[in-house]
Amino acid sequence: MAYDVHITRKENWFDPTPGFTVREWLDYVDSDPELRHDGFAEAPLDDGMALRIEQEGLSVWTAYSGGTKGNDVCWFSWSHNNINAKNPDQEIRQKMWEIAERLGGKVQGDEGELYGPDGNHIPEASSTSTPLKRPWWRFW
């Protein structure tokens, strides 16, 4: 199961309030020599085929030490006015914090926990003391 971490300006990443526009994200990507906007992500499958997803704002972090192909690539996606990464390791969370600082945001996990410049969870800075609950009408 995937766990997302988000760069957000919202109180909670899933709030319907304004956040980052795709234009803000793409302007940032253009200004960071370590990022490249591809607009797609592609990963090889065991059967020799490839899974490809196309989405405006989908960018790759070219300086990520994890690798250069398939599941070893670090992709950042823009969705619902947030910038997201799936299952990010500490190195990715550190890069996310750097991006958040430049864009005036914060790094927040699916359950509302916040992450600092070292990529580690900041327990005392979490948005709430109890796990976040999405409104009942939110299924995603």
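User: Is Lys95 buried or exposed here?

Analyst: The general idea: buried means under 20% relative accessible area, exposed means over 50%, and partly exposed is in between (1.4 Å probe, protein chains only). Lys95 has a relative accessible area of 3%, so Lys95 is buried. Keep in mind that this is a predicted model: local features need pLDDT of at least 70, side-chain atom pairs count only at pLDDT 80 or more, and totals for chains, interfaces and linings use all residues. Residues are numbered from 1 along each chain as its sequence is written, and side-chain values use heavy atoms, with hydrogens and water left out.

User: Which side chain meets Lys95 in a salt bridge?

Analyst: A salt bridge means a side-chain nitrogen of Lys or Arg within 4 Å of a carboxyl oxygen of Asp or Glu. For Lys95 the partner is Glu34, at 2.9 Å, N to O. This pair links distant parts of the chain, 61 residues apart: Glu34 sits in the loop between H1 and strand S2 (35–37), Lys95 in helix H2 (residues 90–103). Helices (H or I, at least four residues) and strands (E, at least two) are DSSP runs, numbered from the N terminus. Glu34 counts as partly exposed, at 30% relative accessibility. There's also a network of salt bridges linking Asp32, Glu34, Lys95 and Glu98.

User: How many salt bridges does that rule give?

Analyst: Nine. Among them is Arg9 with Glu24, with the closest N and O atoms 2.9 Å apart. Arg9 lies in the loop between S1 and helix H1 (22–31) and Glu24 in helix H1, so the pair ties together parts 15 residues apart in sequence. Arg9 is partly exposed at 35% relative accessibility, and Glu24 is partly exposed at 29%.

User: In what sense do S1 and S8 pair?

Analyst: Two strands pair if DSSP finds at least two bridges between them. S1 (residues 4–8) and S8 (residues 106–109) pair in the antiparallel sense over four bridges, and His6 has Gln108 in S8 as its bridge partner. The hairpin of S8 and S9 has four residues between the strands, and Gly112 takes a positive phi near 95 degrees in it.

User: Which residues form the nonpolar patch on the surface?

Analyst: Leu45, Met49, Leu51 and Ile53, with about 380 Å² of accessible area together. Areas come from the Shrake-Rupley method with a 1.4 Å probe; for residues, only the protein chains shown count as cover. Patch residues have over 30% relative accessible area and no salt bridge; like charges are joined within 9 Å, nonpolar side chains (Val, Leu, Ile, Met, Phe, Trp, Tyr) within 5 Å. Ile53, in strand S4 (residues 50–54), is partly exposed at 45% relative accessibility.
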